[in-house]
Amino acid sequence: MVNSLFAKIAVNVPTVTGVFDYALPPELEGKIGAGHLVTVPFGKQTVQGVVLELTAEPSVAETKPVLDLLDPQPVLTVAQIALASQLAESTLNPLAAIINLMLPVGLAQQADTLFEIRESRIENRSGSRISIIESRLLDLLQNRGALRGRQIDRHFSRVDWRKTAQYLVRSGLLTSQSVLPPPSIRPKFVRTAQLAVTPETAQAAMLELGKTAETLKRRQAALRFLVSAPEPVNVSWVYAESGCNLSDLQELDERGLIVLRETEIWRDPLQRIESRGLESSEPPELTPDQQRAWEQILQAFNSFSLQPSAFLLHGVTGSGKTEIYLRAAAEAIRRGKQAIILVPEISLTPQTVRRFLARFPGQVGLVHSKLSEGERYDTWRRARLGLLKVVIGPRSALFSPLPNIGLIVADECHDGSYYQSEPPFYHAVEAAKVYARLCGAVCILGTATPSIVQRYQAEVGESVRMELPRRIPHPESEVSLACRPGQADFGQSGVRDAGLPPVQIIDMREELKSGNRGIFSRALTEALAEVLERNEQAILFLNRRGTATYVFCRECGYVAKCPNCDTPLTYHVEGDKLKVESSTVRQPSTLRIEPQAEAFNLVCHYCGYHRQLPKTCPACGSDQIRQYGLGSERVEAEVQRLFPQATTLRWDWETTRQKDAHEIILSHFVAHRADVLVGTQMLAKGLDLPLVTLVGVVLADVGLNLPDPFAAERVFQVLTQVAGRAGRSARGGQVIMQTFQPEHYAIQAAAGHDYAAFYARELQERRRLGYPPYSRLVRLEYRHYDAAKAEATAQQMAKKIQQWLTTEHRTLTTVIGPVPCFFARVAGLYRWQIVLRGPEPESLLRGKQMEGWRVEVGPVSLL
């Protein structure tokens, strides 16, 4: 008797958390193993699932059979399956939701419902009264034909149409059936032509290729071109080079002179960069600080048993952290392994990719959300086949299916962008540490401003901290940066170190007293003028986008708010179409957002609601409607007003919506096609801009007074990081911080490049308040369109939690709330939150029913 095999499968159903056993039919035995993507029956649906393991003993008596194998190769590695299981356990996310993160967009599909009209019943119901939603839904299906639920969602923004649809199904007006859409991506093939005979045979056949002179000329030209190109060539190139057409190539194929075939091609987003050519990058000589750090990392490569969970590479801006990453990647590749390099933002990838491509040509892959589905799918497949040695990108790059990972790097590991703020919630840096341990890989976390928790973990031995306290002197400098006058240089220990730019704090309260009511202080205006006169570059940083923070009435105090979110609308002066000039001639101008025919002035940055600026106050009818506050657009306009000869460039969310926008803007600035770069948080992300000699922080205290225990830390980090963009070459540099709170410890520490002072003060505050690292947090959030329902549900959950705490005798875990969130209404949904604080609060919720609640373990913000 042959023993049957069974598969434990995680099904791709959003609300399901368990693992289910399925029987392997005889025809699939031997073809299916751990990590394979399959289709299985689930209730009345057919769904996708991933095989976690095979077993001879199912956990239930009756099992349904696996229906089909979707990909002959596993879509997950064994290490990825282990990572998914651990992340699901530690973050309280469904296992299927974590697995879904690891599959490329378009491959993973969820079951849906197909709705279709019953024409005969519609005709009989023509005289009946129907609701507005019923009418909209029926009109949509009559005009478009049968549609899936997720297709209908696009036509009903913030409208619960599904209850109406189910009523229409029960009434017999609609039919519904469960469907599983096929994967929407597949390999790309192009038609190619290749010479099939020797060049001598091809030459001998030249005179017999056509009856007319014109046909003969085309076919001869095509054949000559293929003689000169021995590899398969895309037929579009043959058309362009010879003037021939498909029928000409088909004739040459029939004569046996060439071969026409469908050839698979890789959609590689880096092909454009590599085709332009990159200067070869020879490893520079390491500084003594770098050498000490590198020796510790190399020892970890040589001795897995002594390997720490992670190295915290704590180095000031410009201290050479990237060179350590490059050396570590080279070592991993030398050992036959691969490397994952994480960066917090897409904006950082162009510079990082170029440095790695120069060192490892043809071996680097890129992953991020702005790529096409085809590009992401092909990069994922190349990683799975082991054709890539290095994968670079934001947090999603961590889940690339590399077969033998030897190194994981998280650059700027302090950055909040590593935290996924929508379900499933997880922190990519914490996941990277777990994944490295599972793979036996070296993990390096690099930053100039570690989070308080990351630094504390190093102090208690959970990671190994290595310092790079000095900037690397620029090779063109004739004297040591340490000897250059005017260069401030505080290190992590409070000791002065080489090369960090001096920071001047400007008290904007004094500027107002002296009669200066402009955006820029006199010191910043004078510094900008000097930089432009020397033909150097400046960065103006503002932690806010738009033109004004909000619009209000000076008569009655009315504030223009979003009707869906109850947050002030942001005033913009332009539309949203990116336009970047490609001219190489530098002229005084602005590289900017091009206005559109219908430009809405007021925009909500949470739900996308927009409207025109009202001419009169909707509350009192006054014409005293004014804009208040600062935004990147207004700062840019002020630079143009003061320095009309300067070329400005803006780098914020509005200007980077299109594909490759980050790379285009950065390349323009690096090529000195702009003198002043105005931007938001993207400017604080580890960019190396050697011509920048001035950084102006227009308003340093933005975000400092938010009701969030992590607010001061975020402000200190962003100010320290953006200050590090100045003085990264022999030209030197300076930083000017404008603030209304110059005495605040976060601003003082950032101005002094004094991480140690900030860490000591902030750690003291955290201990006093009982926040991480002295406790762990879990944030629960409930959303509903009905304000009363949201509040009542939150109150009920708080009572349940108190009962659980009492039953389990948890005296060290406290409950904060329930309270409305800081942004109490977003996209029409009212938000209430409960925060659990204690030694391990997530364990209280494990196995509990939390339907409708968003649960965040270890949140990076409580707003």
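Picture a 1 Å grid laid over the protein atoms alone: a cavity is a set of points where a 1.4 Å probe fits but cannot get out, and its lining residues have an atom within 4 Å of a point. Grid points are joined across faces, edges and corners, and the volume is the space filled by probe spheres set on those points. What you're looking at is a predicted model, where local features need pLDDT of at least 70, side-chain atom pairs count only at pLDDT 80 or more, and totals for chains, interfaces and linings use all residues. Residues are numbered from 1 along each chain as its sequence is written, and side-chain values use heavy atoms, with hydrogens and water left out.

By that rule there are four cavities of 30 Å³ or more.

Now head over to α15, residues 373-384 (helices are DSSP runs of H or I, at least four residues, and strands are runs of E, at least two, numbered from the N terminus). α15 is mostly covered, with 10 of its 12 residues buried (buried is under 20% relative accessible area, exposed is over 50%, and partly exposed is in between, using a 1.4 Å probe and protein chains only). Among those buried residues are Tyr 377, Asp 378 and Trp 380.

Asp 378 is worth a stop, as its side chain meets that of Arg 267 in a salt bridge at 2.8 Å, N to O (the rule is a side-chain nitrogen of Lys or Arg within 4 Å of a carboxyl oxygen of Asp or Glu). Arg 267 sits in the loop between β12 and α11 while Asp 378 is in α15, so the pair ties together parts that are 111 residues apart in sequence. Both partners are buried.

Compare that with Arg 191 and Glu 262, another salt bridge, whose closest N and O atoms are 3.5 Å apart. Arg 191 belongs to strand β10 and Glu 262 to strand β12, so this pair joins parts 71 residues apart in sequence. Here Arg 191 is partly exposed at 34% relative accessibility, and Glu 262 is partly exposed too, at 46%.

In total, the count comes to 44 salt bridges. Some form a network: Arg 779, Glu 781, Arg 783, Arg 831 and Glu 856 are linked this way.

How values were computed. 1 Å grid on protein atoms, 1.4 Å probe; cavity = no way out; pocket = protein on both sides within 12 Å on 5 of 7 lines; lining within 4 Å.
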